[in-house]
Amino acid sequence: MLTRTRGVVLGLAGLSLAACGAVHPGSAAVVDGTTISMRTLDRTATAYCTLTASTARQQGITTVSNADVRRQAIVGLVSLRVARDLATREDVTVSPSDYELTASQREQLASTFPGSDGDDLAEAIEDSQEVSAIAVALAEKQANQQATTENEAQFAELGQNEILKAFADSDVSFAPRFGLAPDGTQRSATGSISVTPVDLEAPVDEELPSALRCS
């Protein structure tokens with residue numbers, strides 16, 4: 001059963017990973033020989049924490065697990081690399097206007113989250129939107145028709161399935177600290193950090209040490 005925290009976090013990055021090999025110290029993941037550094041993950045995870053904690057509060061959830069968010073952040077970063085590689089192989093292109101935030105949207109982010117790094121927040125959102133845009137474009141090519149407002153969600157799902165299949169053709173590995181098995185499932189609830197999982201209906205404020213929460 002998903003914890004209340006994971007129910008929020010999973011909305012940010014829905015793709016699963018197929019992984020193999022090993023990563024070097026200081027690397028969060030490696031995709032076909034290209035390293036995603038722990039520093040990049042740290043910036044992305046901080047942005048995820050800010051965005052996810054805000055969404056959680058709107059749903060009445062007051063605590064978000066930092067370990068869960070970091071796993072979702074690395075999934076998001078790897079998903080973007082795999083999606084871009086697949087788009088290149090399939091000769092599919094997406095316009096930056098399909099996923100980049102406008103100046104007014106960036107201003108709204110800065111206003112909503114004062115004190116946070118607006119560029120990192122925008123990049124996290126744009127990365128997620130780029131994966132979605134690639135997914136739709138892949139489905140459009142497969143169906144030989146453009147997506148419409150009515151079927152865009154269906155096209156996005158079809159394209160995401162193609163991205164998932166691409167993991168099997170990619171050499172993806174990630175740091176053991178994330179607690180992920182080679183098929184993308186969790187070996188433990190929180191990787192190398194020991195925290196007791198909680199039920200969807202259980203209060204979580206007292207069950208996560210403050211150092212392990214997003215704020």
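Me: What share of the contacts with a separation of 6 or more comes from residues 24 or more positions apart?
Reply: That share is 75% in this chain. Keep in mind that the model is predicted.

Me: OK, and how many helices and strands are there in the chain?
Reply: The chain has six helices and five strands. Going along the sequence, you read them as α-β-β-α-β-α-α-α-α-β-β.

Me: What percentage of the residues count as buried?
Reply: 45% of the 215 residues do. As for the surface, the chain exposes about 11400 Å², and 47% of that comes from carbon and sulfur atoms.

Me: Switching to helices: at what angle do the axes of α2 and α5 cross?
Reply: Roughly 85°, and the axes come within 9 Å. The helices here are α2, residues 38-58, and α5, residues 118-143.

Me: New topic, S170. Where does S170 lie?
Reply: S170 is in the loop between α6 (152-166) and β4 (172-174).

Me: And is S170 buried or exposed?
Reply: S170 counts as buried, because its relative accessibility is 9% and the cut-off for buried is under 20%.

Me: What does S170 touch?
Reply: Leaving out residues up to four places away in sequence, S170 touches D32 and V82. Also, a polar atom of the S170 side chain lies 2.9 Å from the backbone oxygen of A166.

Technical notes:
Residues are numbered from 1 along each chain as its sequence is written. This is a predicted model: local features need pLDDT of at least 70, side-chain atom pairs count only at pLDDT 80 or more; totals for chains, interfaces and linings use all residues. Side-chain values use heavy atoms; hydrogens and water are left out. Helices (H or I, at least four residues) and strands (E, at least two) are DSSP runs, numbered from the N terminus. Buried means under 20% relative accessible area, exposed over 50%, partly exposed in between (1.4 Å probe, protein chains only). A polar contact is a pair of N or O atoms within 3.5 Å; within protein, one must be able to donate a hydrogen and the other to accept it, and residues adjacent in sequence count only if both atoms are side-chain atoms. Contact means heavy atoms within 4.5 Å. Accessible areas come from the Shrake-Rupley method with a 1.4 Å probe; for residues, only the protein chains shown count as cover. Axes are lines fitted to C-alpha atoms, for helices over the stretch in contact, and angles run from 0 to 180 degrees between N-to-C directions.
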